[in-house]
Amino acid sequence: MSTRRRTLLKVIVLGDSGVGKTSLMNQYVHKKFSQQYKATIGADFVTKELQIDDKLVTLQIWDTAGQERFQSLGVAFYRGADCCVLVYDVNVMKSFDSLDNWHDEFLKQANPPDPKAFPFILLGNKIDIDGGNSRVVSEKKARDWCASRGNIPYFETSAKENIRVDDAFLCIAKAALANEREQDM
Amino acid sequence: MLPKCPIVPRANGYPIVPGACGFPSPMASDSVSPSSSSDSAYDSAAYQNPNPNPNPSDKPINAIDGQLMSSLVLADSTDSVNHEEGPPSSVNEGDIVDANVLASEESDRTVMVEVDVREEEEEEVQRSEAVVVEERETGGGGGEGEVWRVNSELEVDAPDSPNSSGYAGERGTSSASSACGTGEDDICQVRDGDFVNGVVESQAVWIPGKRHVDEDDASMSWRQRKKHFFILSHSGKPIYSRHGDEHKLAGFSATLQAIISFVENGYADEANNGDRVKLVRAGKHQVVFLVKGPIYLVCISCTEEPFESLRGQLELLYGQMILILTKSVNRCFEKNPKFDMTPLLGGTDVVFSSLIHSFNWNPATFLHAYTCLPLAYPTRQAAGAILQDVADSGVLFAILMCKHKVVSLVGAQKASLHPDDMLLLSNFVMTSESFSPICLPRYNPMAFLYAYVHYLDANTYLMLLTTSSDAFYHLKECRLHIEAVLLKSNVLSEVQRSMLDGGMHVEDVPVDPSPRSGSASPHLGQHSPERVREAYTGTGGPCGLWHFMYRSIYLDQYVSSEFSSPIGTPKQQKRLHRAYQKIYASMHDKGFGPHRTQFRRDENYVLLCWVTQDFELYAAFDPLADKALAIRTCNRVCQWVKDVENEIFLLGASPFSWWGKRIEKCFAEWPVGGLIAGHLRL
């Protein structure tokens, strides 16, 4: 085909409420950060276009609400997802403990054809807080968890300081593209 | 007026897709058009797509900066109560809320779809109302729809924060109108200022192709467009958008999917799984949803067209997609929910935009009937005879058309063609290739047919449909044979003459009821000298008759008079089209109808409708027209139609199995072979 094909990837962002999902998205898409916390109700959607190698890719990012009362949205929201971004707050142990739950629930609801190969990524957010002194989840602990879940790529990020946010989303987009190519074959 | 909510069966999974069916790209002309270089008519600019596939790479990546955030707010009733300033019953716009709405307040379920609107130029805090009509699959009767209205105060975001994707088409701002293009439903029409340039034929001003590709839901101009159409997949991936770039609208598309899925999931209530959202009203806007398995279609409109009309338009849009891909596209979604079907539809934007344009002017889009080019009976007979010759040689359908009007058509034994399929087919043909795999959704939604299309002159084209993918050379021989005969028998020159003369003119409606012989009725193309003079005075036909449409139930055909002053401009024609559309819907409203007659006077027209089991007549008169005279005129129109029926309709020339029987029935019931079964009285 002579015209370059555009690819659209559906990206689901999951994690406990308050870990910074919306802030990461705002930083990534709008290059903005706000201290004010506003809970996401239901879901928010943003799009971001990027070029990966020779390919134009549009990320359709689904920013879901962390609160449990919105979890009934499940299947429909996860249907047809190309990849999933898990987020926790390095300063809150509970948000890390919930990762198992988010990961398993996603696979259950989205029901991808090959769950083991489904592209996930883990972001440990808010590394800027208190110069890292209030941190309760070590990088090693997070990396061990990733290894136990089939070598999920891991990034330590700060939505506020814009640390590694672009890298993380580029990584997940590439993983999703690679996964798509496998499925096409 | 809220529509009744019929019970829609829940789709459990997707239709089963038998057999293997590939997806040849409809635009891959080099592989499926062996003749594209030899047939000169293929080069005709009349149906060349000027820009079938605008290169998406033209757009800078950083165009996404400033992209707004689409937001769907879903709240349960306890949440929403806090935000409301008054109880739901405090609404006062009676045009939306009726007794059913208020009665439903007892329900314990509520769905709030908040439409956030950010107006840069309006500091005033706006209020929006949203009404969600849900269908419940259980329960009988039509009154099960739950309707909730939530008044919510809109949040006006700080200017630099990401804001939400609302939709503000009804609020025109002066700054945005400078971006006005040449499309219909353009933003410059927000103040009812339709595009007018003096060209009489409304379809002539329309230039095919997608416009406003740089817009997205962040663009004020995009938000102000009066009518949007979206096709998306059940995972929320965009497939088609009438205005703007599909990929840039990915967030908006996700919002639409979320609304549909939210209702379908039976929010917080497993017992209500399978509900469908059909319509959301937000101010002047209607958001109409149509779910077809894994394909979701949405129309957002502030054109005040009836819900039924918009829903019918979405059905046709879906049909057009099926025509290009067949329904076996569902199987791709079953195998892989991530499936992206935009590559399969590549280059077909123009087919969809042309169909959407036809919703503005082509009565076939709501009448479910086709129209014929007026021709002398022997001329049409001659065309039908030669088409019949090739139909016996393995051609499924042979259709000779001039623009959207049928000259003649024949089908193989037992094969019948639905008027909707003809509409979709001719729309596809007029905007695309010459030998294409196509699917007729009303004929067989699972299978491809192969359409050979040849333009005999700038407007007239022949379509030969077959089930065999390698019949190209045979079809070409058929075409050469048909073309030679049509030339020899002067059919083509008659067709061209008819195109120039037009069909029925209101100025020619006989003033005195003609005798049964019909000889007093003017034949088409034989205008009385007075008509020319009257046309200049701009008063239309007798007794203030401005226009009429006549639909024959048995024939699946309609005839409409030519537009003339005082309905001379595209803007006036579009307004009349919409008025017809509205009155058609009201005549066919299942809750109240079917009406037999309707006489409606407003500041624009007197509209007179008359529906019998044999025909439907829609007539527009001067708003000051006398009722008794208008009724008498309608009777004359019907008589006139009867007198010239063999020139304006395709009668009995084709051996459609169902059709032959119907025609026999017609003639048996009407001793004089007429189509008029009654006489309209006061």
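Modeller: In chain A, if we take the contacts between residues at least 6 apart in sequence, 74% of them join residues at least 24 apart, where contact means heavy atoms within 4.5 Å. The model is predicted, and local features need pLDDT of at least 70, side-chain atom pairs count only at pLDDT 80 or more, and totals for chains, interfaces and linings use all residues. Residues are numbered from 1 along each chain as its sequence is written, chains are lettered from A and ligands numbered from 1 in the order in which they are written, and side-chain values use heavy atoms, with hydrogens and water left out.

Biologist: What makes up the pattern of chain A, read along the sequence?

Modeller: Chain A has 6 helices and 6 strands, and these are DSSP runs (helices are H or I with at least four residues, strands are E with at least two), numbered from the N terminus. Along the sequence, they follow the order β-α-β-β-α-β-α-α-β-α-β-α. Chain B, for its part, has 18 helices and 19 strands, and 70% of its contacts between residues at least 6 apart in sequence join residues at least 24 apart.

Biologist: Why is B:Phe333 called buried?

Modeller: Buried means under 20% relative accessible area, exposed means over 50%, and partly exposed lies in between (1.4 Å probe, protein chains only). The relative accessible area of B:Phe333 is 1%, so B:Phe333 is buried. Counted in this way, 54% of the 185 residues in chain A are buried, and 59% of the 682 residues of chain B are.

Biologist: What makes the pair of B:Phe333 and B:Phe339 edge-to-face?

Modeller: A pair of aromatic rings is described by the distance of the centres and the angle of the planes. Rings of Phe, Tyr and Trp (its six-membered ring) pair if their centres lie within 6.5 Å, and planes under 30 degrees apart count as stacked, over 60 as edge-to-face and the rest as tilted. Here the centres are 5.1 Å apart and the planes stand at 90°, so the pair of B:Phe333 and B:Phe339 is edge-to-face. B:Phe339 is buried too, with 17% relative accessibility.

The pair of B:Phe366 and B:Tyr584 is also edge-to-face, with 5.2 Å from centre to centre and 65° between the planes. B:Phe366 belongs to helix H9 (residues 364–367) of chain B and B:Tyr584 to helix H15 (residues 570–587) of chain B, so this pair ties together parts that are 218 residues apart in sequence.

Biologist: What makes a nonpolar core, and which residues touch the most other members of the largest one?

Modeller: A nonpolar core is a set of buried Ala, Val, Leu, Ile, Met, Phe, Trp, Tyr and Cys residues joined through side-chain atoms within 4.5 Å. In the largest core, of 111 residues, B:Met321, B:Met341, B:Leu464 and B:Tyr618 touch the most other members. Helix H6 (residues 307–325) of chain B gives the largest share, 11 residues. A second, separate core of 29 residues includes A:Phe118 and A:Leu122.

Biologist: Why is A:Lys10 said to lie over the face of A:Trp62?

Modeller: A charge sits over a ring if NZ of Lys or CZ of Arg is within 6 Å of the ring centre and within 35 degrees of the ring normal. A:Lys10 is at 4.0 Å from the ring centre of A:Trp62, and A:Lys48 lies over the face of A:Tyr28 at 4.9 Å from the ring centre.

Biologist: What joins the side chains of B:Asp340 and B:Thr342?

Modeller: They are joined by a polar contact of 2.7 Å, a term for a pair of N or O atoms within 3.5 Å; within protein, one must be able to donate a hydrogen and the other to accept it, and residues adjacent in sequence count only if both atoms are side-chain atoms. B:Asp340 is found in the loop between helix H7 (329–335) and H8 of chain B, and at 13% relative accessible area B:Asp340 is buried. Residues up to four places away in sequence aside, B:Asp340 touches A:Arg6 and A:Leu8.
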